[in-house]
Every structure is written in C-alpha cells, then in structure tokens.
Amino acid sequence: MKRIWLGILVLLLFAAGGCQKQTEKTDTAPIVVGFSQLGSESSWRIANTQSISEAAKAYGYDLMMSNANQKQEKQIAAIRSFISYRVDVIVFSPIVETGWDNVLTEAKKAGIPVILMDRMIETDDETLYTAFVGADCYLEGRRAGDYLLRWADVQAKPHYNIVELSGTVDSTPMRERQHGFMDVIDGDARFTVLESLSGDFLRSKGEECMKELLDRYSADQIDVIYSHNDAMTLGVLDVLQARGIEPGKDIMIISVDGEKAAVDALKAGKINCIVQCTPHLGEAVMELVTALKQGNEVPKISYPDEKVFSDFDDLTAPSVEGF
Ligand code: GYE
C-alpha cells in the first residue's frame, strides 16, 4: 500500500512540474534564444550561422533558429513565433533596414529584448532594439576607398574608371559600404564610377553582373572593381579569367569579407585588397544575452576589431588568414 501511495505522489509531482514548465519558466530553465538568420547567401553567412550555434552551445543556451532564405516576410514570421513562444531574447540579422517597426513593437510589448546582429534597422524608435553587434560597414567602405587612393597614387595615372558591385539593395552593408567608399573618393577628379550593379551578395549574381559589364565595356575601360563581398568577387574572378583578363593586374580588385578562398586569391595576386568583415559574432552575442539576463546594462552598439589585407602588406604573415 505504502508503495502505491508513493507512486501516486511521484506522479503528482511530475504532473505539477510538467504544468509549471508549460506556463512559466523556472529560474533553472535554460535560457532560450530565438535567432532569425536571414539566409545562406555566402560563406560569410554560413560561418556566421555556425558561430552563433557554437556560441549558444558553449554558453548552454537553447537556440531556436530559423533561416529566412532571403525573405523579409519569413524573418517577420520567425520573430512572431519567438514572441509567442516567449523566448528570453531575440537575435536577428535584418535582411534590409526598413519595415521592422510593427513586429519589433510586438516584441517590446511582450518584454522580450532584441539584439540586432550584423545588420542595422532604420527606425524612429531606437528603443525597439536593445543592442547592435556587428561590423562598422561605413568604416569598411572608407577603408576600401583608402586603399584605392593609395593604389592610385602609386599608379600615378590621371584617371580611373570604377565599377561597383553592391550587395542586397537597402541592406546595411550595401548602403554603408557604398556610402563610406563614396565619401572617400568624392570630389577627387581622378575617379569616375561607371556603374553600380547589385549582385545581392551572391557568387552567381557576381558572375552575371560581370558578364553584363563586359557586354557594355571592354576590359581596358574598367580600371577598378569594388565588390561588396567575396562571394560576388569570386564570381567576377571566374568570368575575368575565362575571358583571358587577369584580375589583380589588368583590373584592380577590392573586396570585402576575408573568406578563405578570397584570401588565397589575394595571396595569388588575383585580388588586390580585402577589407575584413568578421562573421564570428557568436561569442559577442551570447555575452550580451548573458548580461541582459543578469539585468546588466549593455552597450547599444558594439563593433568587432577588423583589419585590411592588401598587396601593400606582407601576405605571408600568419595574421593574413581567411575564415
Ligand atoms: O559581408 C556578406 C553577407 O551582412 C556583413 O552579408 C554581412 C554581409 C557579408 O552575405 O558576405
């Protein structure tokens, strides 16, 4: 008899525990992070997704991850599902800058802090996100421009034609990498930007854009290609090489990111400059999550340290390494 009573007691305790888990989180429940990744368009993005998953694991947090395959509606739907699940913190990488106010207002009303990772939003209400962690893309654009100035001084030609391959229209890296670059070269009569085409951060579109450009211009009409990421740059290299044009020599190439294949191409003289942009943001994100859960103040904006690799440097140095 005693055994039966004990059995019933254990069952009741389990039932009570189960109920509690569904309705409210106990202090010992793991922290749940809802992460909306924007897609898988580049090696940068894939390394970034991995960095977030590994860091969540290392910190012992449960990660609810959803990949939006380049669609803003899917990101909005993912954020809504994180809100209804009542995750502890929402982390997301906004594909474009505008159109987030409604869903982020819902998150705010639900009392769920939002960390923007890698890309910014445009909003009149800064309280819609708690923190941003990611590259200073404006500085990256300026760094690309600074390299161009240095290179042009050495070449000492009177004039250079530039073609820009931009990333996803209206995304932070597209806007800021363009803005920073233009701010550096603006007013310098040596430079003309012939065209700016969007390759959407995709290798395949980088290829397409380059083919299109070579339909309109001969190779010697283009002096410089400024590409907003390595994926598109690698597509460009394929097209140039297939046409017998030597990238890095016949046309100067500036890229952004620093993935391994691009760093190898830099070392081989096919790319002249890579402005580094790190995808390894996981640790910084989880640090923020931890601070928020402990009720600590967090910085509104955190930028990682990044470098520039170029043919002005010693490219055999161990620090010149891709991800
Ligand atoms: O440079 C590019 C990626 O948002 C900084 O997105 C990121 C950019 C990165 O697809 O390769």
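Buried means under 20% relative accessible area, exposed means over 50%, and partly exposed lies in between, with a 1.4 Å probe and protein chains only. The model is predicted, so local features need pLDDT of at least 70, side-chain atom pairs count only at pLDDT 80 or more, and totals for chains, interfaces and linings use all residues. Residues are numbered from 1 along each chain as its sequence is written, and side-chain values use heavy atoms, with hydrogens and water left out.

Start with the rings. A pair of aromatic rings is described by the distance of the centres and the angle of the planes. Rings of Phe, Tyr and Trp (its six-membered ring) pair if their centres lie within 6.5 Å; planes under 30 degrees apart count as stacked, over 60 as edge-to-face and the rest as tilted. The structure holds seven such aromatic pairs. One of them joins Y59 and Y61: the centres are 5.8 Å apart and the planes stand at 45°, so this pair is tilted. Y59 is partly exposed, at 24% relative accessible area. Y61 is buried, at 12%.

Now turn to Y147 and F312. Their ring centres are 5.4 Å apart and their planes are at 50°, so this pair is tilted. Y147 belongs to helix α5 (residues 137-155), while F312 lies in the segment after β12 (308-310), so the pair ties together parts 165 residues apart in sequence. Helices (H or I, at least four residues) and strands (E, at least two) are DSSP runs, numbered from the N terminus. Y147 is buried, with a relative accessibility of 4%. F312 is partly exposed, at 31%.

F312 also meets a charge. The charged end of R150 sits over the F312 ring, 3.9 Å from its centre. A charge counts as over a ring if NZ of Lys or CZ of Arg is within 6 Å of the ring centre and within 35 degrees of the ring normal. K300 places its charged end over the ring of Y129, 4.3 Å from the centre. Elsewhere, W151, Y160 and F191 form one aromatic cluster.

What about the cysteines? How many disulfides does the structure hold? It holds zero. A disulfide is a pair of cysteine sulfur atoms within 2.5 Å. The sulfur of C137 has its closest cysteine sulfur in C277, 5.6 Å away, which is too far for a bond. C137 is buried, at 5% relative accessible area. For C273 the closest cysteine sulfur is also in C277, at 13 Å, again too far for a bond. C273 is buried, at 0%.
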